[in-house]
Amino acid sequence: MLPALSQLYLRLALGTAYTFFGLDRLGVWGPYGKPWVSWGDWSHFSPRAHHLLFFLPYGLAEAFAVIATILEISCGILLIIGLLTRYAAFTSFALALCFAIPMAIADNFTSPLGYSVFTVSAASLFLALHPGYRWSIDNLRHPSTP
């Protein structure tokens with residue numbers, strides 16, 4: 001029972017964080033400057049994305065920022081509801097790693113450590129490798145999952 005609960009906790013924590021911060025870039029939680037808002041809108045997030053992706057042309061960096069935001073929100077929602085959990089966890093693992101590496105290069109290695117981006121990536125990988133998702137839509141669809 002405890003492994004199933006810990007997996008559920010990890011899935012909900014990751015899913016909530018991915019969804020929350022993805023939606024923050026779209027201004028869902030309010031304007032920039034509020035204590036619970038990191039970006040508040042795309043115009044505050046986009047320069048950070050371009051800073052991290054300095055090695056890419058402007059248009060490609062912007063496209064990657066859009067794709068990353070869509071993936072972050074989508075994976076977060078899928079993790080919360082437990083649908084396509086393994087795929088969402090593998091995708092979010094790669095996504096977080098793709099944030100961490102440019103952060104380490106563009107800022108310094110302490111940046112992704114300070115924001116726990118490597119930890120989130122590792123947690124997503126751990127979740128992806130979990131044998132089953134007891135309290136999930138996946139388990140309702142395929143009850144043989146432990």
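Guide: D138 and R141 sit three residues apart in helix α7, so about one helical turn separates them. (Helices are DSSP runs of H or I, at least four residues, numbered from the N terminus.) The model is predicted: local features need pLDDT of at least 70 and side-chain atom pairs 80 or more, while totals for chains, interfaces and linings use all residues. Numbering runs from 1 along each chain as its sequence is written, and side-chain values use heavy atoms, without hydrogens or water.

D138 and R141 form a salt bridge, with their closest N and O atoms 3.9 Å apart. (That term needs a side-chain nitrogen of Lys or Arg within 4 Å of a carboxyl oxygen of Asp or Glu.) D138 is buried, at 12% relative accessible area. R141 is partly exposed, at 47%. (Buried is under 20%, exposed over 50%, partly exposed in between, with a 1.4 Å probe and protein chains only.)

(Patch residues have over 30% relative accessible area and no salt bridge; nonpolar side chains are joined within 5 Å.) The biggest contribution, three residues, is from α3. I81 belongs to helix α3, and is partly exposed at 37%.

Now go along α3 to T69. T69 is buried, with a relative accessible area of 4%.

E72 makes a salt bridge with R25, with 2.4 Å between the closest N and O atoms. This pair links distant parts of the chain: E72 is in helix α3, R25 in the loop between α1 and α2, 47 residues away. Both partners are buried. E72 has a relative accessible area of 7%, and R25 has 5%.

Along with F99, M103 and V117, they lie nearest its centre, and 30 residues line it in total. Two or more lining residues come from each of α1 (2–24), α2 (42–52), α3 (58–81), α4 (85–106) and α6 (117–128). Helix α4 supplies the largest share, seven residues. The pocket holds about 840 Å³ of space. (On a 1 Å grid, a pocket is an open set of points with protein on both sides within 12 Å along at least five of seven lines; lining residues have an atom within 4 Å of a point. The volume is the space filled by probe spheres set on the points.) By class, the lining has 25 nonpolar, two polar and three charged residues. (Asp, Glu, Lys and Arg count as charged; Ala, Val, Leu, Ile, Met, Phe, Trp, Tyr, Cys and Pro as nonpolar; the others as polar.)

One more pair remains, as the salt-bridge count is three. R48 and D107 meet through their side chains at 2.6 Å, N to O. R48 is in helix α2 and D107 in the loop between α4 and α5 (110–114), so this bridge ties together parts 59 residues apart in sequence. R48 is partly exposed at 23%. D107 is partly exposed too, at 27%.

How values were computed. 1 Å grid on protein atoms, 1.4 Å probe; cavity = no way out; pocket = protein on both sides within 12 Å on 5 of 7 lines; lining within 4 Å.
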